[in-house]
Amino acid sequence: MAEPVHFLLHIPKCAGTTVEAHFARHLGTAFRLAPRWDSVSRNFIGNRYPGVEMQGIRAVSGHSLSVSLKQTVDAPVRESVLLRDPLGYFLSFYNYRWARHAAGDTKPPDFAPWYLSQRRNPISRFLLNRYFEQGVPALYRFSSAGRLAWLEDRLRQFHFVGSYRYADEMVAGISRELGIPDTVTHENVTPVKKLRAQDLDPALQARIIEENAVDQVLYTRWADRRWQGEPDMPKPNLPRADHLRYALGDSIGGIAKKLLR
């Protein structure tokens, strides 16, 4: 049987840069970043990989990695992903987004109005839309409860699922499977933290957790799963009829994002 190929999903702000740098360093040409299909159809039907050569590839990652790449791999595929809680995600993304202004004259917006311009439940949305190729508008057929259930059915088959705090463990374990060095060097793309959780009003923190309940539940249930099994805690009740809220929220967020540029 052919050696397994590792699909290392890179959700933004979930230690993906550290993961990619490690395997690029030690696998060389046996590691690749999944190419982005530059087409307006990408958001509707998912990424496509015409002519992508996967012969000799042992691990693949990147923001544009999606499930259809498995069709080009003539070997077992082991999928792994790191997750993050929504409050930590938004703070990290805000700090990263505005790090470029640290040495310039442009003043970034305050966190609260910036947050209003962001999509809700971005991690579960990224998994659905980017990796599992649930395009627009089909993406909006999922309620909050439906998004969680659909994702969990697939995460149960993953090789590794866990908090971004387990990045070193995931990288080391997969490295040993591949027969490469397992010592991890951290790569932080946002060296200066402008804002921390304790800087936010507690009411805003609570709002972020409430408005991103799918991502919060996904993280709470899967953060410590790691190599095997599935969550043993009861699944909370999430809304089952809020499909329209996602479509409306994405539209409003898109307008707000343009106004903040």
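The radius of gyration of the chain, taken over C-alpha atoms, is 19 Å, which agrees with the value near 18 Å that a compact globule of 261 residues would have; the globule rule is 2.2 Å times the number of residues to the power 0.38. The model is predicted, with local features requiring pLDDT of at least 70 and side-chain atom pairs counted only at pLDDT 80 or more, whereas totals for chains, interfaces and linings use all residues. Residues are numbered from 1 along each chain as its sequence is written, and side-chain values use heavy atoms, with hydrogens and water left out. Along its principal axes, the C-alpha trace spans about 55 × 45 × 40 Å.

The chain comprises 10 helices and five strands, assigned as DSSP runs (helices, H or I, at least four residues; strands, E, at least two) and numbered from the N terminus. Of the contacts (heavy atoms within 4.5 Å) with a separation of 6 or more, 76% join residues 24 or more positions apart.

Buried residues (under 20% relative accessible area, 1.4 Å probe, protein chains only) make up 49% of the 261 residues. When residues up to four places away in sequence are not counted, L83 touches I11, C14, I123, L127, V161, G162, S163, Y164, L218, Y219 and W222.

Conventions: Buried < 20%, exposed > 50% of the residue type's maximum accessible area, 1.4 Å probe, protein only.
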